[in-house]
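User: I am new to reading protein models and would like a close look at a single part. Could you take me through the place where the two chains meet, and then show me what lies around it?

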Amino acid sequence: MELYRSHVLVCEGTGCHCSGSAEVIETFKEELKKNQLENEIKVVSTGCFGLCEIGPIVIVYPEGAFYSGVKKEDVPEIVSEHLLKGRLVKRLLYHDSISSADVVKSLDEVEFYKKQKRVTLRNCGVINPEKIEEYIAFDGYRALGKALTEMTPLEVIEVVKKSGLRGRGGAGFPTGRKWEFAHNAPGDKKYVCCNADEGDPGAFMDRSILEGDPHSVLEAMAIAGYAIGADQGYIYIRAEYPIAVKRLTIAIQQARELGLLGKNIFGTGFNFDIELRLGAGAFVCGEETALMSSIEGKRGEPRPRPPFPALKGVFGKPTLLNNVETYANIPQIILNGPEWFASIGTEKSKGTKVFALGGKINNTGLVEIAMGTTLREIIYEIGGGIPGGKKFKAAQTGGPSGGCIPAEHLDMPIDYDSLTEIGSMMGSGGMIVIDEDNCMVDIARFFLDFTVDESCGKCPPCRIGTKRMLEILERIIQGKGKEEDIDNLETLAKNIKASALCGLGQTAPNPVLSTLRYFRDEYLAHVRDKKCPAGVCQALLQYTIVKELCTGCTLCSKVCPVGAISGERKQPFTIDQDKCIKCGACMEKCRFKAIEKR
Amino acid sequence: MKSLQELEEIRKKTLESLYLRKDRAGTRIVVGMATCGIAAGARPVLLAFLEEIKKRNIKDVTVTQTGCIGVCRLEPMVEVYLPGQEKVTYVNMTPDKVARIVAQHIVNGQPVTEYTIGGQQKKND
């Protein structure tokens, strides 16, 4: 047995990786060697801790000291002070991780983690995802063992049904019923698939699970295979997730070596194996029928349903398709029982949900909350509020398929049904916080621009309809909108929703509909008054010089690329509105705050 | 994987090396490692504790360091926290004393009084 007196856990998720955690790990190894500590202290790369905003994150056990924003230059100090002499390096500790008496708090006491409930993320940031033994140490593969040796397939399905688990990909279909359909479908060859084609802008829940705890998904897929009678699984993951792909490849390899995938698992005669299929990053491939067609090697285009995948899926065989986060819940449900799972959450939405917090929020990162937590708790307690004390305007959930939740619903408990009721949706878990400086028309345009780009072009409502909607929005943003444009937008949106072929098109108008529902006045300000209340839409802005503040220093006229600013030295300058291209260069340069945009 | 026992064996074996990350209960051996402690030879003492614990395969013990304990003339100093018991402070530590402390105190719960701060004071009086 290896005995170390201390473990240094360094986050190697994509967020921290981009902030330089690989270098930090390297430097730790070098420094430990230099100080002859390499046999006493172990460096472990692990998955996401959630606080991506302040990465790279390093946690030192046994103290549990939580260091944030660690650069490779900081490593020698941590090694010589903390690891050699046992003194915390206070300047690097996360501000909320020590109490007033300089005692290290346990992670559950830190404000960011206090309100969270980590079920699917329980191993993220705790284990080394590239070591199957560490997953096994924390009860990994015991659920598979239990299912195979103590339960019949129908009993497994019953447990999943009873737990109340619903699909975490966004639509929220009851998972147990999906499993039952696939189980009951006639056929001797069936497939289990995992949708890891996370495409919403700003969403990274599934990636973090796969990077931090890949085995939980493999184990759940094997359990699903047993339940529906399949011996082959596919994980469809985008090639844009190289770290997740690497960890999954290692995980599958290790599971095969230990015989946890392959033939005759646990000596029960049950066979199951998993292969990866890499997608090229098309958003539409997250749609189930397009995804399956891509797995088969065909073009990733959706087809009408029925037949549903449970009857006719991959290679025309019955197929079970679930999302990464849905699977990550399964081993816990089998081990702890459906009653345990059903005790978390609200009446119709059980368990927890992972959200990727982004936009105007202090703690950008990954959070997992019990269903029924309010938006206010997520944004102000876990998320640490909005930078600069700005006013909250709305939260956008569900990405390009979802909608926004305005400030009046801040105290609404979050679950599938309440979000649908107010015109948004749970979605896969992206949550973008919008403050008073964002223009809602511009937000709607951003998402529509994304769907227009990503439309596969198979059906006209989506291919042509979303394009027309985008054109109208762009017109409004440029100050050329008319009042009837708003009605046209609504009509188009409703028609596209009703007639598009797949989920992508059917949900594409949602960002427009929900911003129209709650922020119609902003649209009206754009078309009637030709003003952008948030000061975002360039074409509707005017840069002017405040006479009283201008000292006539000539700086602005020098940076103006089109020569629109003129005046006499030591006298107030003026901007020629006909020449101004609204680039904002003058405003940036002015030292006297004498230039205003309105 | 042929059986659940096999899985259980891997689980148990790995968990032993991971207990550091799970909870902070259990016995703590704290070695004073400020300049005074290091100069007096605290590192060999710390390594001797690690070695002894590894040899005896004792679980739920963390060996950690701290700054100056305060009585620099008695360094190297080591504090032992057994769950539910009062802290015991050993002074003038050497690697040779470690084996006895581990056997008598860590395993059997009987502090080695003659090595403690009280015991040493008595001897000097």
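Analyst: The contact takes 29 residues from chain A and 28 residues from chain B; two residues count as being in contact if their C-beta atoms, placed from the backbone, lie within 7 Å. Please keep in mind that this is a predicted model: local features need pLDDT of at least 70, side-chain atom pairs count only at pLDDT 80 or more, and totals for chains, interfaces and linings use all residues. Residues are numbered from 1 along each chain as its sequence is written, while chains are lettered from A and ligands numbered from 1 in the order in which they are written.

Let us stay with the side of chain B that touches chain A. Helix 1 (4–22), helix 3 and strand 2 of chain B each supply at least two of its residues. (Helices, H or I with at least four residues, and strands, E with at least two, are DSSP runs numbered from the N terminus.) Helix 1 of chain B gives the largest share of this side, twelve residues. Sorted by class, this side of chain B has twelve nonpolar, nine polar and seven charged residues. Here Ala, Val, Leu, Ile, Met, Phe, Trp, Tyr, Cys and Pro count as nonpolar, Asp, Glu, Lys and Arg as charged, and the others, Gly among them, as polar.

Now look at chain B as a whole. Its secondary structure comes to five helices and four strands, and along the sequence chain B follows the pattern α-β-α-α-β-β-β-α-α. The C-alpha atoms of chain B fill a box of roughly 65 × 30 × 25 Å, taken along the principal axes. Of the 125 residues in chain B, 32% are buried; a residue is buried if 20 or more other C-beta atoms lie within 10 Å of its own, exposed if 12 or fewer, and partly exposed in between, with C-beta atoms placed from the backbone. Among contacts in chain B with a separation of 6 or more, 66% are between residues 24 or more positions apart.

The loop between helix 3 (42–56) and strand 2 holds B:N57, which has a positive phi of about 55° although it is not a glycine. B:N57 counts as exposed because it has 9 C-beta neighbours inside 10 Å. The loop between strand 2 (61–66) and strand 3 (78–81) of chain B holds B:P76, and a cis peptide bond with omega of about -5° joins B:E75 to B:P76.

Chain A has loops to visit too. A cis peptide bond joins A:G55 and A:P56, with omega about -5°, and A:P56 lies in the loop between strand 2 (41–46) and strand 3 (58–61) of chain A. In the loop between strand 7 (262–265) and strand 8 (270–279) of chain A you will find A:F266. Phi of A:F266 is near 55°, a positive value in a residue other than glycine. A:F266 counts as buried because it has 21 C-beta neighbours inside 10 Å.
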